[in-house]
Amino acid sequence: MTEADFRARLAALGIELDAHAFAAAFKGAQHLRAEVAKIDAYLAAKA
Amino acid sequence: MTDPADYSIPEAALALREGRLTARQLVTAALDRIAQRNDRLHAFTHLNPDALAEADRADAMLAAGAAPPLCGIPVAVKDLIDVGGLPATSGSAVLSGRIAAADADAVAQLRAQGAVILGKLATYEFAMVGPDLNLPDPPARNPWNLNHITGGSSSGSASAVAGGLVRLALGTDTGGSIRSPSAYCGCVGLKPSYDRVSRAGAFPLSPALDHTGPLAATVEEAALALDAMTAAPNDWRPASARLDRGAEGLRIGYARDWFAQDLQASPALIRAMDDAAASFSMLGASITPVSLPDYGMFEAAGSVILHAEALAEHLSLIRDHLPRYGRPVLQCLAFGTAVDAEDVQRARMAQACLTQDMLAAMAPFDLVITATTLTPALPFSAFDGEKAVWTPMRTIPFNVTGQPVLSVPVGFDGDLPLGMQIIGRRGDEDLICAAGNAFERATDHSVQRPPL
């Protein structure tokens, strides 16, 4: 997920963050995407 | 003479029934204690103005000989859980001024058993992240060291119980919010099996992972509280049914690798857990190392579900009250936009698989023990109120699996308490409480009191 994607998702929900808060939130969002990838790998190994 | 505020629930219940104590005296003692200490602890956010009137009604029931088990016993409630007629803000400016129309189910159950509601307790904002120093209510402080956090999100519940303000408090636990503050503050936290206690009337964080349960001064009191909170009729074995069973013959798996291999784990915690395993062995249990499934996978599945569900719960509030959210909470809610419905569906599939993996790992054992958190409570100086800071725990796997877990005090790192989790299979609250009670009685961790 790119920074622009994340910004668009926030805008769609009306969530406005200042630059500092956006940077922290984007880091968290990237971490969550990494968690999704981990889940996909886990399920693939189970299949 | 012991101050009635320090009576255990069984001691108080007996004194009330024998006429040596009135509910008004008991509640007055608790209110006096709150008046003495809450300015330092910030555990209570609102007191119930009708508490003494409720105590008088309890006294009338006691005099009539028709008293239910918790008649006259003071209880306090996390401000995420509704108490009819009292403020219900979930620790947020977003809900400032909201008054609950009715009791949450768990509160109603406790009232039906005669409990007197003392008031509402501090919570991390919407049970999500904290502490945040910029909210309407100041954050609760750790009774063992006021410069340290309580952990959360049931922050006021743990501070109130450990600080001697009340013997029993209600909390909620979505990723460890009963157990981690219990560990950090040195009290007992009981996260029941998923769905054992109704969540109705508690503000949802993540309905797939949310649990409501008690924090208490001792295992016995936590077990009695859980039984009172479990709606009848039900098929659950009472948590208090086997408290005197002891630990003899129990097959206990010791999940040491789960925390000891993490570089963040405090050496004092590792020593305390090894000592606890030795104590169980002395009590007649067999202790065997067990390798549980990868902790990180549980955290992954839990995080995806939690953040997606939290965002869904808050969409309408965000639309109407965005500027009133605390910054760390808003950032956490923003994370949830990074996942979509398909991601959540796959996380739920992983949740089912991980639950099977966990139960398979536990198959040779009656119970498993592991650490609750990896460190003692952090100082407030580690939190700037600008961004979310996570403290290292080992709790979310059992929100994912829905298994019951008891967190009990296991020792200290300096002046700060540490906690141990005792984990059972679904419905095995009686067994984890039996083991916890045996451990508590064989050690002196739970009788330590903070220097207030």
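Q: How do the residues lining the second largest pocket divide into nonpolar, polar and charged?
A: Keep in mind that this is a predicted model. The pocket in question has a volume of about 200 Å³, and of the 17 residues that line it, B:Val161, B:Ala162, B:Gly163, B:Gly164 and B:Arg449 are the closest to its centre. Two elements of chain B, α2 (23-41) and α5 (155-162), each give two or more residues to that lining. Sorted by type, the lining comes out as eight nonpolar, four polar and five charged.

Q: Which element gives the largest share of the lining of the largest pocket?
A: This pocket, with a volume of about 1,100 Å³, is lined by 44 residues, and B:Glu299, B:His307, B:Val389, B:Trp390 and B:Thr391 lie nearest its centre. Elements giving two or more residues are α2 (19-46) of chain A plus α10 (295-321) and α11 (327-335) of chain B. The largest share, seven residues, comes from α2(A).

Q: Which residue of chain B meets A:Asp18 in a salt bridge?
A: Chain B and chain A bury about 2,400 Å² between them, 70% of it on carbon and sulfur atoms. Even so, there are four salt bridges across the interface. In one of them, at 2.6 Å from N to O, the side chain of A:Asp18 pairs up with that of B:Arg327.

Q: Which element gives the most to the side of chain B that touches chain A?
A: On that side, α10, α11 and α12 (341-362) of chain B each supply at least two residues. With eleven residues, the top contributor is α10(B).

Technical notes: Residues numbered from 1 in each chain as written. Chains lettered and ligands numbered in written order. Predicted model: local features only at pLDDT ≥ 70, side-chain atom pairs only at ≥ 80, totals over all residues. Heavy atoms only, no water. 1 Å grid on protein atoms, 1.4 Å probe; cavity = no way out; pocket = protein on both sides within 12 Å on 5 of 7 lines; lining within 4 Å. Points joined across faces, edges and corners; volume = space filled by probe spheres on them. Helix = DSSP H or I, 4+ residues; strand = E, 2+ residues; numbered from the N terminus. Nonpolar A, V, L, I, M, F, W, Y, C, P; charged D, E, K, R; others polar. Buried area = accessible area lost by both parts, 1.4 Å probe.
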